[in-house]
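Student: I am new to this structure and would like a close look at a single part of it. Please take one element and tell me in one go what surrounds it.

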Amino acid sequence: YEKLIAGGVAGAVAKTATAPLDRIKMLYQVDPSAAFSLKDATKRVARITRETGLVSLWRGNGLAMIHVIPYGALVYMTFDNYHAFLTHPVGLSPV
């Protein structure tokens, strides 16, 4: 269970750390008239922070955790098993 928990925690921390970037990215994706520029992105961050507070940059992060935690946990837990199977298949001799 150690790898399962470690994978879930790692996924949650990584997604939470990058959530503000994802929020800004999504705003550009839903607004076809907005062309990305670093200057405009920083203005959007400032406007969101000013109007709705710093925490609003993480809006939707809780819902993302429903996906990220189980996914990260399973991937981290099973990686070594799949890697061993794919690099040394059972019943096949090395070429």
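Tutor: Helices here are DSSP runs of H or I with at least four residues, and strands are runs of E with at least two, numbered from the N terminus. This is a predicted model, in which local features need pLDDT of at least 70 and side-chain atom pairs count only at pLDDT 80 or more, while totals for chains, interfaces and linings use all residues. Residues are numbered from 1 along each chain as its sequence is written, and side-chain values use heavy atoms, without hydrogens and water.

Let us take helix 1, which covers residues 2-30. It packs against helix 3 (residues 61-87) at an angle of about 140 degrees, and the two axes lie 7 Å apart. Helix 1 is therefore oblique to helix 3 (under 35 degrees is roughly parallel, over 145 roughly antiparallel, 65 to 115 roughly perpendicular, the rest oblique). Their crossing is right-handed, meaning that the near helix is turned clockwise from the far one by less than a right angle.

Ile24, Leu27 and Tyr28 of helix 1 meet Asp40, Ala41, Arg44, Val45 and Ile48 of helix 2. This contact holds 6 nonpolar residues, 2 charged ones and no polar ones.

Leaving out residues up to four places away in sequence, arginine 44 touches Ile24, Leu27, Tyr28, Asp31 and Ala34.

Back in helix 1, aspartate 22 is buried too, because its relative accessibility is 18%. The side chain of aspartate 22 makes a polar contact of 2.6 Å with that of lysine 15. Alanine 17, also in helix 1, counts as exposed because its relative accessibility is 57%. The C-alpha atoms of alanine 17 and tryptophan 58 are separated by 9.2 Å, although the two residues are 41 residues apart along the chain.

Methods:
Axes fitted to C-alpha atoms, helices over the stretch in contact; angles between N-to-C directions. Buried < 20%, exposed > 50% of the residue type's maximum accessible area, 1.4 Å probe, protein only. Polar contact = N/O pair within 3.5 Å; in protein donor to acceptor, adjacent residues only side chain to side chain. Contact = heavy atoms within 4.5 Å. Nonpolar A, V, L, I, M, F, W, Y, C, P; charged D, E, K, R; others polar.
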